[in-house]
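The following note sets out points for a colleague who is reading the model alongside its sequence.

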Amino acid sequence: MQIQNHLDKNFPTPAYVIEEDKLRKNCELLAKVGEQSGAKILLALKGFAFSGTMDIVGEYLSGCTCSGLWEAKYAKEFMDKEIHTFSPAFKDDEIDEIIKLSNHLVFNSFNQFNKYKEKAKIKSIGLRVNPEISLAPKELYNPCGRYSRLGIRAIDFENENLDGVSGLHFHALCEESAHSLELVLNAFENKFEKYIKKMKWINFGGGHHITKKGYDTQKLINLCKRFADKYGVQVYLEPGEAVGWQCGTLVASVVDIVDNEKQIAILDTSSEAHMPDTIIMPYTSEVLNARILSSRDGENYSDLKENEFAYLLGGNTCLAGDIMGEYAFKEKLNIGQKIVFLDQAHYSIVKNTTFNGIKLPNLMLLDKKENLSMIREFDYKNYSKRN
């Protein structure tokens, strides 16, 4: 891994590091899917937003999908291509600026559509629908479950006036395959076909794990082409995680090592503040040059081998559960040593916090010539201004 060549004692931690080569590889695959399928690919900023790489992503993708005013402003500032904006509920004091910034505006309810359609008619208007099917791995990530606040059900379309609506948007996947999309797409067609025929575009949402090894990209291409040909619409896909997948790391330093039946290394980072999905999903992050022995909640994955050294890795906050997991290393850890958590670009940078006053990780870029640069460095002012 390229980042290893830069981990001397002066490397500033904590820091997220994006590797340009890996990011470009993801984007090249996404661009290929777009070219061969005819679908337009948008970056979902909710999953990956890194200002120092937006120009790179913009070389390959058609634009950004945004969740509100600030993401729309960010998309304009750092990429300035197509901007599609959806929100569960737009606010009166933000809607005018959002309309000005956006190419597509997607409403979550007929209440919102009817309230703002006159203002928004200068742009392409869409409605988010709920196909009432999802293969999300946890109910927390299921946007189509019972009582969901996201999207309009087919039954609620009856007797509504769709004048001014150009497209429909659904989102029902989370780290899912092309086969999962096919199941959702079938349900979407069954429920909304008579409305699809009236549209100019259909957005298949995000959650497509396109850049994960083993994903059936040809099936995705075929699904998009078939749908577009059948209905005469422009298809959109809006991956977030697939853009940032396995192209970034979180580098931390060992601050102290304590002994309480096990060796516990305290790092200058935090699972809750800097890697929140390791707690929410949950999953255990891979660590460079180490093996996972057990998860943060103690689930055993492997046993310690001869000539290995076991360490619980923990964060530098007062949260008792701020544990990343237990790992086996080939050598004993030392204070000041760098620990590299893998695949920490997506849903980490965009979710990190200053809980307990912990420092936000720096944002760094390792370019294709292996030059490492600081994109953004955070200090106390970033904490004091938000608290």
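This is a predicted model: local features need pLDDT of at least 70, side-chain atom pairs count only at pLDDT 80 or more; totals for chains, interfaces and linings use all residues.

1. Pro 14 belongs to the segment before strand S1, which spans 15-19.

2. Chain ends. Gln 2 is also placed in the segment before S1. In sequence, 366 residues separate Gln 2 from Lys 368, yet their C-alpha atoms are 9.8 Å apart in space. With neighbours within four places in sequence set aside, Gln 2 makes contact with Glu 19, Asp 21, Leu 366 and Glu 370.

3. Barrel. Eight strands form a closed barrel in the order S2-S3-S4-S5-S6-S7-S8-S9, with parallel pairing. From one strand to the next, the twist averages 25°. Helix H3, residues 69-78, packs on the sheet and touches both S3 and S4. The direction of H3 makes about 170° with that of S3.

4. Pairing of S3 and S4. Strand S3 covers residues 63-66 and strand S4 covers residues 82-86; the two run parallel and are joined by 4 bridges. Thr 65 has His 84 as its bridge partner in S4.

5. Pairings of S9. How many bridges join S2 to S9? There are 2 bridges between strand S2 (residues 40-44) and strand S9 (residues 234-237), and these strands run parallel. Within S9, Leu 237 is the bridge partner of Ile 41. Strand S8, residues 201-203, is likewise parallel to S9 and is joined to it by 3 bridges. Here Asn 203 has Tyr 236 as its partner in S9.

6. Loop between S6 and S7. Tyr 147 lies in this loop. Its phi is near 70°, which is a positive value in a residue other than glycine. The loop, between S6 (124-128) and S7 (165-169), also holds Phe 157.

7. Aromatic pairs. The structure contains 18 aromatic pairs. One of them is formed by Phe 157 and Phe 192, in an edge-to-face arrangement with 5.5 Å centre to centre and 75° between the planes. The two residues come from distant parts of the chain, 35 residues apart, with Phe 192 located in helix H6 (residues 178-196).

8. Met 281 and Pro 282 are joined by a cis peptide bond, for which omega is about -15°. Pro 282 is located in the loop that connects helix H10 (277-280) with strand S12 (290-294).

9. Second largest pocket. The volume of this pocket is about 300 Å³. It is lined by 14 residues, of which Leu 288, Asn 289, Phe 329, Gln 337 and Lys 338 are the closest to its centre. Which strand gives the most to the lining? Strand S15, residues 338-342, does so, with 3 residues. By residue class, the lining divides into 7 nonpolar, 3 polar and 4 charged residues.

10. Items to inspect in the display. For side chains, the entry is the edge-to-face pair of Phe 157 and Phe 192.

How values were computed: Residues are numbered from 1 along each chain as its sequence is written. Side-chain values use heavy atoms; hydrogens and water are left out. Two strands pair if DSSP finds at least two bridges between them. Axes are lines fitted to C-alpha atoms, for helices over the stretch in contact, and angles run from 0 to 180 degrees between N-to-C directions. Contact means heavy atoms within 4.5 Å. On a 1 Å grid over the protein atoms alone, a cavity is a set of points where a 1.4 Å probe fits but cannot get out, and a pocket is an open set with protein on both sides within 12 Å along at least five of seven lines; lining residues have an atom within 4 Å of a point. Grid points are joined across faces, edges and corners, and a volume is the space filled by probe spheres set on the points. Ala, Val, Leu, Ile, Met, Phe, Trp, Tyr, Cys and Pro count as nonpolar, Asp, Glu, Lys and Arg as charged, and the others, Gly among them, as polar. Rings of Phe, Tyr and Trp (its six-membered ring) pair if their centres lie within 6.5 Å; planes under 30 degrees apart count as stacked, over 60 as edge-to-face and the rest as tilted.
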